[in-house]
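Hi,

Here is the structure I promised to pass on. Have a look, and then read on for what turned up when I went through its charged side chains.

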Amino acid sequence: MTTSWITRPETAADLDRIREVNLAAFPTPLEADLVEALRADPAAWIPGLSWVTEAPDGTIAGYALLTRCHVDGSAALTLGPCAVRPEHQRRGAGSAAVHAALDAARQQGENLVLVLGHAEYYPRFGFVPASGHAIRPPFDVEDKYMMALALNPTRPVPSGTIRYPAAFGV
């Protein structure tokens with residue numbers, strides 16, 4: 001079954017529903033709490049880079065968030081949390097939110113996006129192992145799970161260690 005998803009930036013009216021999506025998608029409230037902590041951090045939060053996917057009935061089915069991080073001294077973005085309500089998983093709601101968030105970041109002039117996630121899922125958006133750009137996380141993780149995407153491959157990509165917003169706790 002194909003669903004026609006509507007993607008849009010979050011609004012103030014969406015905050016409780018975004019929390020509900022994250023609570024439904026994950027086994028603990030950690031991701032829902034992380035979204036709220038990032039939203040409260042003016043150094044991390046970037047207006048227009050928190051995206052929802054609406055189902056045809058208007059419910060929020062999916063969510064993707066991009067926030068500010070750094071690679072050594074250079075600005076970059078980190079993708080996550082990304083969440084989809086269980087009843088909408090594997091139907092494109094998550095991909096729609098991620099594509100919309102990445103497009104918005106590109107339009108805002110951002111270039112580098114980093115994600116720690118499923119090595120089978122994120123390459124569909126163009127993510128490759130971050131090590132290929134000499135980018136490393138501040139913790140040990142298998143190479144294939146730490147990925148990078150240059151939104152404009154003609155622009156330089158910084159190398160170095162990722163510095164996440166404080167809310168990530170790393």
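Before anything else, keep in mind that this is a predicted model.

Let me start with Arg17, which comes out as partly exposed because its relative accessibility is 29%. Its side chain meets that of Asp14 in a salt bridge, with N to O at 2.8 Å. Asp14, on the other hand, has a relative accessibility of 1%, so that one counts as buried.

Next up is Glu20, which pairs with Arg85 in a salt bridge whose closest N and O atoms are 3.5 Å apart. What does this pair tie together? Glu20 sits in helix H1, while Arg85 belongs to the loop between strand S4 (74-84) and helix H3 (93-107), so the bridge links parts that are 65 residues apart in sequence. As for accessibility, Glu20 is partly exposed, at a relative accessible area of 40%. Arg85 has 18% relative accessibility; the cut-off for buried is under 20%, so Arg85 counts as buried.

Back to Asp14 and Arg17 for a moment: they belong to one network with Arg8 and Glu54, joined through salt bridges that share partners.

Then there is Glu10 with Arg39, another salt bridge, at 2.8 Å from N to O. Glu10 lies in the loop between strand S1 (6-9) and helix H1 (15-25), and Arg39 is in helix H2 (residues 30-39), so here the parts being tied together are 29 residues apart in sequence. Both Glu10 and Arg39 are buried.

How many salt bridges are there in total? The count comes to nine.

One more residue to look at is Glu110, in the loop between H3 and strand S5 (112-116). Buried or exposed? With a relative accessible area of 13%, Glu110 is buried. Its side chain makes a polar contact of 2.6 Å with the side chain of Arg68. Which residues is Glu110 in contact with, if you leave aside its neighbours within four places in sequence? They are Ile46, Arg68, Leu77, Ala105, Leu151 and Arg155.

Cheers

Definitions and conventions:
Residues are numbered from 1 along each chain as its sequence is written. This is a predicted model: local features need pLDDT of at least 70, side-chain atom pairs count only at pLDDT 80 or more; totals for chains, interfaces and linings use all residues. Side-chain values use heavy atoms; hydrogens and water are left out. A salt bridge is a side-chain nitrogen of Lys or Arg within 4 Å of a carboxyl oxygen of Asp or Glu. Helices (H or I, at least four residues) and strands (E, at least two) are DSSP runs, numbered from the N terminus. Buried means under 20% relative accessible area, exposed over 50%, partly exposed in between (1.4 Å probe, protein chains only). A polar contact is a pair of N or O atoms within 3.5 Å; within protein, one must be able to donate a hydrogen and the other to accept it, and residues adjacent in sequence count only if both atoms are side-chain atoms. Contact means heavy atoms within 4.5 Å.
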